[in-house]
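Here's a quick briefing for anyone meeting this structure for the first time. Have a look at the model, then read on for what holds it together and how its parts are laid out.

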Amino acid sequence: MSEVTITVNDVAYTRKVEGRTLLVEFLREGIGLTGTHVGCDTSQCGACTVRLDGHAVKSCSVLAHQADGHNVVTIEGISSRDGNLHPMQEMFKEHHGLQCGFCTPGMIMSAIDLVEKHPEGLDGYVVREGLEGNICRCTGYQGIVQAVLAAWKKMYLGSETD
Amino acid sequence: MKYSIGQPVRRVEDKRFITGRGKYVDDLRFPGQAYGAVLFSPHAHANILSVDVSAAMASQGVLLVLTGADVVAQNIGGLPPLFMPEDAGGPPGYRTSRPILCSNKVRHVGDRVAFVVADTAAQARDAAELIEVEYETLDAVISVEDAVREGAPNIWPACPDNVSVRLRFGDDIATEAVIAQAPRVVTLRLENNRLSPNPMEPRCAIGIYEPADENYILYTTSQNPHGARHMISQSVLRIPEAKLRAIAPDVGGGFGMKTDPYPEDALVLWAARLCGRPVKYLASRSDSFLGDTHGRDQVVTGELAFDDTGRMLGIRARAIHAVGAYVASAAMAPPNFSLTLIPNVYDVQTVDLTTQVVFTNTAPLGVYRGAGRPEATYLIERLVDKAAAQLGLDPAEFRRRNLIDPSQLPYRTATHYIYDSGRFEELMDDCLARADWAGFAERKIQSSQRGRWRGRAITYYIEQAGIFNDRMELRFDPTGNVTIVAGTHSHGQGHATVFTQLVSEWLGLPFEKVNFLQGDTATVPFGRGTYAARSSMIGGSALRVAAEQVIEKCKPMAAFLLGDEEADISFMEGVFSILGTNRSIGIANVVSAFYAPAGIPDKFGVGLGAVGSWSAQLPNFPNGCHICEIEIDRETAVPTIDRYFVVDDTGRALNPMICEGQILGGLAQGIGQALLENIVYDPDTGQLITGSFTDYCMPRADDLPDFQLSFHDVPSPSNPLGVKGVGESGAIAAPPTIINAILDALREVGVEHIDMPATPARIWAAVQNAQAA
């Protein structure tokens with residue numbers, strides 16, 4: 001066991017972890033941020049997606065030690081300080097992009113990363129390919145795609161309607 | 001009105017999910033919590049000769065190791081099936097009791113052998129690997145066809161032929177006569193591939209024991225916490241039901257897999273009592289593939305007799321349906337529905353439909369979205385397309401010539417259903433127009449120019465929705481807020497929103513004054529949970545009964561408050577009025593009066609609430625039409641869904657956005673079955689080959705197209721809301737639509753049959769074989 005210090009949602013946390021402790025375990029068990037979920041054990045489902053130093057990663061495939069000294073943003077950290085929802089969160093609700101909610105935090109984190117990496121624009125095809133690493137069993141993805149396309153507009157144009 | 005019934009009201013439950021503040025079972029932590037790990041059988045069929053837990057007991061952090069010997073010594077019971085056909089007047093069958101830990105024999109890879117409890121989850125898993133079990137392996141039987149062969153390994157000695165029960169509908173003699181004399185007959189042997197429901201949240205259970213009162217508390221990922229309380233208290237722990245509280249908080253999807261308890265639900269409770277600490281078990285995804293109830297796994301040979309005009313004359317089906325190593329959960333439901341819905345919406349009365357429900361050395365099967373209705377629909381729609389192709393008749397036209405006409409309703413099927421409502425031809429025409437059925441030929445040419453085969457298919461489906469009865473309660477507080485206390489269980493279906501729309505409109509209450517409570521046996525007196533597309537009809541109608549009772553209770557109070565206890569009171573949009581006058585009072589004020597400490601006549605009592613119930617005595621029949629067009633790349637054999645149109649009769653869409661979400665989710669699962677998903681056991685050793693998402697192909701966003709959905713609702717007379725269920729239709733109708741479209745595309749190269757999943761490899765092989773022939 002040794003100590004790591006990871007900044008999560010702008011707060012630095014120091015905890016003792018084993019060498020094998022995963023970042024997702026640090027988040028869920030170590031600091032009690034249970035919004036990030038575990039849906040598989042082969043790095044396939046994406047429910048554990050968070051942002052590490054500005055990029056989306058699967059936190060089940062990052063060791064806590066690898067994140068030592070680095071910056072993590074989780075689903076709990078993307079609303080604004082005064083509680084306003086991120087446009088992606090708003091659009092997931094508006095376009096029925098969730099049902100049971102279990103894949104949703106990871107899906108939202110991946111989707112934000114996708115939108116941020118495509119300032120030139122997005123279409124349904126690029127969204128579907130871009131979210132290929134996040135499995136949803138409930139929605140059939142159609143509401144999610146619509147939510148992401150609407151969120152792109154809100155994030156770059158200020159409004160989701162044309 | 002923005003929040004009224006029929007509006008696409010955005011969901012009230014979303015806020016916690018989109019901000020990561022859902023409370024799923026694994027998110028909960030209790031002081032002193034210990035962790036459990038399960039040791040699963042590595043063999044499909046074996047005698048347990050000895051179990052040595054000494055190394056595990058000595059391992060770091062271990063508190064307790066339980067084995068089958070402990071189950072026997074402490075008189076812990078097993079899990080029965082939820083029901084057998086004989087419980088509903090059907091034929092007798094062999095009923096199993098599933099031990100929560102095996103003592104002398106294991107019957108499938110994944111059967112539970114031991115349970116380790118330790119300070120951390122990792123310590124528990126490490127220790128489980130140190131348990132030494134000596135097995136004597138036995139021959140295993142894996143496929144349903146092998147299970148009924150002469151000399152097949154026997155799984156339950158008291159059931160020598162491995163057949164738990166035989167189900168039959170129809171008239172074999174009459175059907176044989178029709179088939180023998182029919183101008184035309186088509187035959188098909190079809191496989192309905194085994195699937196794993198795989199909701200994204202794996203199963204999790206936390207057991208807590210309070211020694212002072214001998215009370216147990218179970219947190220469980222269940223679609224039906226009251227059912228879990230009943231089965232575990234009565235059959236496993238053998239304690240009074242009132243001593244067990246079961247809570248299913250936020251649950252991350254179920255699809256039928258989470259309807260009934262698992263060994264782990266009982267193990268955590270028992271272990272908590274023995275070690276004096278809360279015990280949590282979280283299934284890994286690998287544990288889930290091994291240990292969840294699976295779906296489907298049926299083989300059927302079907303025959304459709306018809307005449308030269310395309311009129312269907314009779315249907316015969318001989319099916320074998322797996323139940324797995326034990327009869328678990330509602331596993332007897334799919335074999336039943338797999339036969340009763342074969343006649344579909346077609347006017348055909350001569351049928352002979354049988355299935356043998358068999359044990360195999362595989363994980364127990366349960367109900368998985370559709371629960372037998374996909375099996376039935378797949379058979380009849382595949383037969384219909386084969387018949388249409390033989391006649392050279394457009395598959396839509398073939399169906400048109402056989403559809404039940406509205407003038408024939410109510411229509412009694414040969415399988416004892418009474419279809420109460422529907423406009424099947426009108427709905428089919430709606431779908432044909434939307435899908436531009438007539439324009440296919442042109443699109444086929446364009447696909448060909450791009451190096452692709454193109455095929456299309458149409459499916460009509462009907463299904464029976466709603467099962468059992470249920471209880472819904474309305475409970476007010478002194479300031480006029482009402483709480484819906486629901487016996488149903490929402491785990492993605494948006495009940496908090498839809499039921500609020502109903503109550504808000506019926507009682508004229510602002511949307512924000514309606515609250516929602518579910519999922520805890522301590523606060524919800526009774527319920528049966530959610531599955532089988534039951535909640536809109538049964539939950540909604542029970543709520544309606546409760547709401548009407550509220551209004552009736554309020555009228556005399558309104559009269560009293562308006563100063564005329566004899567007055568006739570009417571109620572509209574939240575206001576009680578004396579008929580023929582302008583004297584009125586709002587519901588909030590009437591409600592408050594029930595909580596006044598003095599000044600109100602004693603006859604009104606204290607407080608206001610009502611309980612309603614409803615049953616599935618009259619089920620409803622959702623139905624609809626799917627049309628799709630598929631392209632297949634000539635080089636790679638990869639199929640791509642190019643267009644997919646769906647028209648559904650949901651009776652009355654209470655919230656069209658939520659209805660569409662249900663249909664879309666079902667479509668994804670149905671397409672997953674048709675193209676991607678398959679649980680595979682080694683046919684000899686019974687090893688699970690597809691044990692993770694690496695080998696079991698889940699539908700992802702880029703596997704699916706945009707779907708075009710619309711409603712063609714015909715209210716159901718079976719319930720006061722007019723609703724028909726909506727949760728299962730996508731999974732029921734998509735498989736034959738996809739497979740028939742693929743066969744339509746490949747007809748020109750001579751492919752006549754393909755089984756699910758129609759992966760690129762299978763498509764490619766089918767083309768090669770046809771071209772070589």
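The largest nonpolar core in this predicted model has 224 residues. A nonpolar core here is a set of buried Ala, Val, Leu, Ile, Met, Phe, Trp, Tyr and Cys residues joined through side-chain atoms within 4.5 Å; buried means under 20% relative accessible area, exposed over 50%, and partly exposed in between, using a 1.4 Å probe and protein chains only. The residues with the most contacts inside that core are F92(A), V148(A), F115(B), Y644(B) and I738(B).

**Cores**
- Take F115(B): leaving aside neighbours within four places in sequence, its contacts (heavy atoms within 4.5 Å) include L64(B), V65(B), L66(B), L267(B), V268(B) and Y281(B).
- There's also a second, separate core of 49 residues, with L543(B), A547(B), L654(B) and M657(B) among them.

**The sheet in chain A**
- Five strands of chain A line up as β2-β1-β5-β3-β4 in an open sheet with mixed pairing. Strands are DSSP runs of E, at least two residues long, and helices are runs of H or I, at least four long, both numbered from the N terminus; two strands pair if DSSP finds at least two bridges between them.
- The edges belong to β2 (11–17) and β4 (55–58) of chain A, each with a single partner strand, so one side of each has no neighbour in the sheet.
- From one strand to the next, the twist averages 40 degrees. Angles run from 0 to 180 degrees between N-to-C directions, with axes fitted to C-alpha atoms, for helices over the stretch in contact.
- β3 (residues 49–52) and β5 (residues 71–73) of chain A run antiparallel and are joined by two bridges. In β5(A), V72(A) is the bridge partner of L52(A).

**Helices on that sheet**
- Helix α1 (residues 23–30) of chain A packs on the sheet and touches β1 (2–8), β2, β3 and β5 of chain A, at about 80 degrees to the direction of β1(A).
- Helix α3 (residues 104–116) of chain A lies across β3, β4 and β5 of chain A, at about 45 degrees to β3(A).

**A covered helix in chain B**
- Twelve of the 13 residues of α15(B) are buried, including F499(B), L502(B) and W506(B).
- Just after α15(B) comes G508(B), with a positive phi of about 65 degrees.

- Chain A has five helices and five strands, in the order β-β-α-β-β-β-α-α-α-α.
- Chain A's radius of gyration is 16 Å, close to the 15 Å from the globule rule for 162 residues, so chain A is as compact as a globular protein of that length. The radius is taken over C-alpha atoms, and the rule is 2.2 Å times the number of residues to the power 0.38.
- In chain A, 52% of the 162 residues count as buried.
- Chain B has 20 helices and 28 strands, and its C-alpha atoms fill a box of roughly 90 × 75 × 50 Å along the principal axes.
- Of the 773 residues in chain B, 64% are buried.

**How to read this**
- Residues are numbered from 1 along each chain as its sequence is written, and chains are lettered from A and ligands numbered from 1 in the order in which they are written.
- In this predicted model, local features need pLDDT of at least 70 and side-chain atom pairs count only at pLDDT 80 or more, while totals for chains, interfaces and linings use all residues; side-chain values use heavy atoms, leaving out hydrogens and water.
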